Every structure is written in C-alpha cells, then in structure tokens.
Amino acid sequence: MVHIWGSIMKDQINPDYYKNYTIEVTDAIESWGLSFVQGNIIKYIVRSGKKTTDPQQDLEKALKQIAKICPLVVCTKAHEGVTAIQDSNRVDVGVNRISAVDTTGAGDQFAAGFLYGLASGYDLETNCKMGNIAAGEVIGHIGPRPKVSVKKLFVQSSLISDLTD
C-alpha cells in the first residue's frame, strides 16, 4: 500500500507535463512582459534535487530569480502560508491551520482575496492575509465558492474596518 500511495503521490506532485517545458519560467515572465506572478510552490520546485538536494534552497533561488525580473511575486505554500515579494519588500505570512475538506477553488479564492487587497491599496502583508482568509474559507467545505461573505471575514479579522472599505 505504501508503494502504491507513493506512486500516486509522485504522479500528483511531479506529473510529466512539468518535465516537458519548452521554456523556462523566468524566460516566459520576461518575454511575455508579466508584471505579476502568482503560483503554487510546486511550480517552482518541480526540478528540486536537480540543481541542489535541498528543495527549500531551490525555492529560495527561484523566488530570487523571478523577483529580479518581476515586480510582484506571490508563492502560495498550502499549510505553510505564502511568500510575496514586491520590489525589494518580502513578506512571509503563515496561515491558521484548518482541516481541509475540499481544496477545489483554493488557488482562485487566494488570488481573489489577494487581488482585492492589492486593488484596494492595502499593503503586501494585508493582501497575503486576505488571500489566506479567502482560501481558508473555501477549503473548509465542499465546493469552490465561499459559503459566507469573505469581506465579512476580513472585517472580523480586523483587516478592514467595515463593509464599506
């Protein structure tokens, strides 16, 4: 059973299409003129162990390289939180651990919360917290859409003062 589970997890974590890129992530960012990059940690460490044997070191190197050419980088790391770099400002924001029922829509909800904060003029750390709250709400139940007002959750977390923000 362990072998089967390991094989399943290996296929989920390292699918073939990650091995067959025709362009490097940093080259795509530069050539496509992207100014915002948001991605899950797996996209950055898919080749971990190839350059070094330390996936955390590989992630840090990737984040630094991407931040050199992209003014805003956001890397979600599931239960480990999020790292965001804007210009030379870096924040690492943890999450409140909750039992995940269904992760469908978590990335989209993170992006929605983060972008709400960004568009509303909040600071980088607050944007990350908003993304985490939005993602946390949707993984607590089955289905990709929030069941409660995420904006109310922002108020309850003292990230915004009231529903008019």
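**Surface, fold and an aromatic pair**

The protein exposes about 10,200 Å², of which carbon and sulfur atoms supply 54%, the accessible areas being computed by the Shrake-Rupley method with a 1.4 Å probe and, for residues, with only the protein chains shown counting as cover. The model is predicted, so that local features need pLDDT of at least 70 and side-chain atom pairs count only at pLDDT 80 or more, while totals for chains, interfaces and linings use all residues. Residues are numbered from 1 along each chain as its sequence is written, and side-chain values use heavy atoms, with hydrogens and water left out.

Eight helices and four strands are found in the protein, where helices (H or I, at least four residues) and strands (E, at least two) are DSSP runs numbered from the N terminus. Along the sequence these elements follow the pattern α-α-α-β-α-α-β-β-β-α-α-α. Of the contacts (heavy atoms within 4.5 Å) between residues at least 6 apart in sequence, 53% join residues at least 24 apart.

Of the 165 residues in the protein, 34% are buried, which means under 20% relative accessible area with a 1.4 Å probe, protein chains only.

Two aromatic pairs are counted when rings of Phe, Tyr and Trp (its six-membered ring) are paired if their centres lie within 6.5 Å, with planes under 30 degrees apart taken as stacked, over 60 as edge-to-face and the rest as tilted. Phe-110 and Phe-114 form a stacked pair, at 5.9 Å centre to centre and 25 degrees between the planes. Because they lie four residues apart in helix 6 (residues 106-119), Phe-110 and Phe-114 are separated by about one helical turn. Phe-110 is buried, with a relative accessible area of 3%, and Phe-114 is buried as well, at 1%.

How values were computed
Buried means under 20% relative accessible area, exposed over 50%, partly exposed in between (1.4 Å probe, protein chains only).
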